[in-house]
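Dear colleague,

Please find below the structure that I am handing over to you. My notes on it follow directly after.

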Amino acid sequence: METLASATLTLYQQLAEDLSLAISRGTLPPGSRLPSVRRTAESRRLSLNTVVAAYRVLEDRGLIEARPQSGYYVRSRLPLPARRTAQAAGPARGTDGAVLDLIGASLKAQQTPGYIDMALACPRGGEFYPGAKLARLMGQLLRKNPGLVSTYALPPGSERLRTQIARRGLELGMALQPDDIILTHGCMEALQLALRAVTRHGDTVGIESPTYFNLLPLFASLGLKAVEIPTDPQQGLSLDALELLLAEGRLNALIAMPNVHNPLGCTMSLENKKRLAALVNRYRVPLIEDALYAELQFADSLQPAVKAFDRDGWVIVCASYTKTLAPDFRVGWLEGGRFTESIRKLKFATSIAEPLVLSETLGLFLESGGYDHHLRALKRRYAVHVDKVRSLIADHFPAGTRATRPSGGFLLWVELPEQCDTVALFHAAITERISISPGPLYSPSGRYRNALRLSCCQPLDERYLTALARVGELATQLAGG
């Protein structure tokens, strides 16, 4: 006689096999949402525990994934980039002129009307921003205090916004004080001020490799040299390579994106973040932590910033609201640790303060609780977009292509077969009015010639999907397919 336990085992295994077959046949394509546990239980006349057990089997097989507050989805069949073996950091060097020229060509293409832009990491379209709500708040603010537009903004800027930034910092494990927060003109000014405060012309700064491409012209303008530190697509910055550099006294500063890295999308483990904070405190080398995408982590509970483990003020944290709320407001911020006063003076000497109307509007929106609701919806949308684009890459790009599965945000790092030169692919795509972002942009020495970054922060309409398929065709031709 069959026992209850064995019957249950048979039921969840059978359900798992049925769903696995539907996935393999394409009935449930990559990126599609599975019916909820409750709905499946009702339609199959099974217990909730049986359905949960079946879904866990499919998760263990790598066929589906759970998304916070959204449900279960079929995973893309596109493989992840290979783990990077232990490597030494590169030599200190300035940015190659060819890389700067390529950055210029890429930016020019992105600004040309009529191009389909898959390169720029700037969300486009009303669905990504609460524009109408911000407009109403600004209108209310100006009706109550019309004198704001005829008043010079002075440091330290909006207390309301600085208070809300400090409050939100708790979500990332940071105990920030409003009086220590400096408002900036976007995250780029925050990064520039931080670099100017902790380095001098000719100094050497450690960077992740690949890194955020706009750091490279910034370094060139400040006369800084960069050391590329190996960065794994899944684990992030190599702390072993970093520790060797620090022990040898080769770095004057370090810049890193431990949460939702640009361009890799990875998030460092909690253990590694603690180790990173301990290293920069032990060797007394400032870390500039770029937290621009930290709030776009897909997980419900945000992983903390490295700043949360900073003991003696050697971590400077920078971020902005350009990617999530209001790109044209260009409101960013930083907390400078032991360098706060130096940065405050630099800010005053360069741009004095941020517009009070814009800062107060953002502060009101954060204060109202509207940001949390907006952020939850935004993260769900990006998770769907990323998975859909991964699926399309699997369909249209050459055999052997790999792509990251980011922990948040809207960027994919795509690695093509070795023989496929993405600089050539960039120029081929430009002739068809499609802009992509080739891998050498993300390295001062021009590495990653078989990689590219794709952004998924625009409506995935027919125009975008057709262009992505065409890029895949061009890549296949370059790969000899």
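Predicted model: local features only at pLDDT ≥ 70, side-chain atom pairs only at ≥ 80, totals over all residues.

The relative accessible area of T95 is 18%; since buried means under 20%, T95 counts as buried. Beyond its neighbours within four places in sequence, T95 makes contact with L100, L216 and P444.

The next point concerns a pair of helices. Helix α6 (residues 159-169) packs against helix α12 (residues 356-368) at an angle of about 45°, and their axes are 8 Å apart. The two helices are therefore oblique to each other, and α6 passes α12 in a left-handed crossing. On the α6 side, the contact involves E159, R160, L161, Q164, R167 and R168, which meet S359, E360, L362, G363, L364, L366 and E367 of α12.

In soluble globular proteins, nonpolar side chains tend to be buried together. The largest nonpolar core in this model consists of 139 residues, and L242, L276 and W333 have the most contacts inside it. Helix α13 (residues 370-396) supplies the largest share of this core, with nine residues. Another core, of 17 residues, lies apart from it and includes A16, L34, V37 and V74.

With kind regards

Key: Residues numbered from 1 in each chain as written. Heavy atoms only, no water. Axes fitted to C-alpha atoms, helices over the stretch in contact; angles between N-to-C directions. Helix = DSSP H or I, 4+ residues; strand = E, 2+ residues; numbered from the N terminus. Parallel < 35°, antiparallel > 145°, perpendicular 65-115°, else oblique. Left-handed = near helix turned anticlockwise from the far one by under 90°. Contact = heavy atoms within 4.5 Å. Core = buried A, V, L, I, M, F, W, Y, C linked by side-chain atoms within 4.5 Å. Buried < 20%, exposed > 50% of the residue type's maximum accessible area, 1.4 Å probe, protein only.
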